[in-house]
Each structure stands twice: as C-alpha cells, then as structure tokens.
Amino acid sequence: MSSSDLFVSAEGADWVNPEPGVTRRIMTYLPEMMMVEVAFEAGAVGAAHFHPHIQASYVAEGSFEVTIDGRTEVLNQGGSFIVPPNLVHGVKALEKGRLIDTFTPHRAEFLK
C-alpha cells in the first residue's frame, strides 16, 4: 500500500506496541508524509534513535522530557518539537500522554 485512504476514522487504524508502555497507530499517510499517534504510559520511554526523515511532533496530552541532539527540555500539552534528519532524539513520558508525530517522507518501516 503506497498511501492510506483520504479519510481515516479512529477505529480504522491498528495499534502496535513498539516499546514497553508505548503504543502507536498510523493515522494517515502518503508517500511524502505520515501522521502517527503515539500513546505513552507514565514513565515510558521512546528510546533514543535517529532516522533520515524530518519529524515534527505535537504534545496532545501529558508532559514529556524530550531530548534532541543532546539538548533536553520538558514540553507539556500544546508544546511541539521538530527533529531534522539524522539527529539522535528520544522522549520520556513524565505522565500518561500522547504525541502526534508527523514524518516526511513517510516511515515505510511502520507499514510492515
């Protein structure tokens, strides 16, 4: 599949568990862009990693410690961050929360 439907209901996406305390679902995507909802239990960690995609994230709920290229800040609901390609980044949920991540281009490995 090279893209999702133009409209995707919340019930239309499957949740996966990539890390302990973390679940995610692909909200919608085209080859050029992908939107993903990621839910975290309090204390859950999105391990430090890097990828060639640009990532922009919005804190939809909760509070997160976000580290990008060695710089760490705490972001609360309504905050956002952007990660240029290939910078090491990760998050820790300081409380139960959700991020809305967008990637350009889409993350093909999320579709497997």
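This text walks through a predicted model, from the whole chain down to single residues. Local features need pLDDT of at least 70 and side-chain atom pairs count only at pLDDT 80 or more, while totals for chains, interfaces and linings use all residues. Residues are numbered from 1 along each chain as its sequence is written, and side-chain values use heavy atoms, with hydrogens and water left out.

Start with the overall dimensions. The C-alpha atoms fill a box of roughly 35 × 30 × 25 Å along the principal axes. The chain has 112 residues and a radius of gyration of 13 Å, which agrees with the value near 13 Å for a compact globule of that length. That radius is taken over C-alpha atoms, and the globule rule is 2.2 Å times the number of residues to the power 0.38. The accessible surface comes to about 6500 Å², and carbon and sulfur atoms hold 57% of it. Such areas come from the Shrake-Rupley method with a 1.4 Å probe; for residues, only the protein chains shown count as cover.

Buried residues make up 39% of the chain. Buried means under 20% relative accessible area, exposed means over 50%, and partly exposed lies in between (1.4 Å probe, protein chains only). Now take the contacts with a separation of 6 or more: 63% of them join residues 24 or more positions apart. Contact here means heavy atoms within 4.5 Å.

Next, the secondary structure. The chain has zero helices and 10 strands. Both are DSSP runs numbered from the N terminus: helices are H or I with at least four residues, strands are E with at least two. A UniProt record, an unreviewed entry, lists residues 37–96 as "domain: Cupin type-2". UniProt positions follow the numbering used here, feature names are shortened, and annotations may be inferred rather than shown by experiment. Over residues 37–96 the chain is 0% helix and 63% strand. The end C-alpha atoms of that stretch are 14 Å apart.

Six strands form an open sheet in the order β1-β2-β3-β10-β5-β8, with antiparallel pairing. Its edge strands are β1 (15–19) and β8 (80–83), each pairing on one side only. Neighbouring strands of this sheet are turned by 25 degrees against each other on average, direction ignored. For such angles, axes are lines fitted to C-alpha atoms, for helices over the stretch in contact, and angles run from 0 to 180 degrees between N-to-C directions. Two strands pair if DSSP finds at least two bridges between them.

β1 and β2 (residues 22–30) pair in the antiparallel sense over three bridges. Glu19 stands opposite Val22 in β2. Asn17 lies in β1. Asn17 is exposed, with a relative accessible area of 54%. Leaving aside neighbours within four places in sequence, Asn17 is in contact with Val22 and Thr23. Asn17 and Ala39 are 22 residues apart in sequence and 9.6 Å apart in space, C-alpha to C-alpha.

β5 (residues 54–61) and β8 pair in the antiparallel sense over four bridges. Ser57 has Phe81 in β8 as its bridge partner. Side chains alternate along β8.

Finish with a hairpin. β6 (residues 63–68) and β7 (residues 71–76) pair in the antiparallel sense over six bridges. Ile68 stands opposite Arg71 in β7. Two residues separate the strands, and Asp69 in the turn has a positive phi of about 55 degrees.
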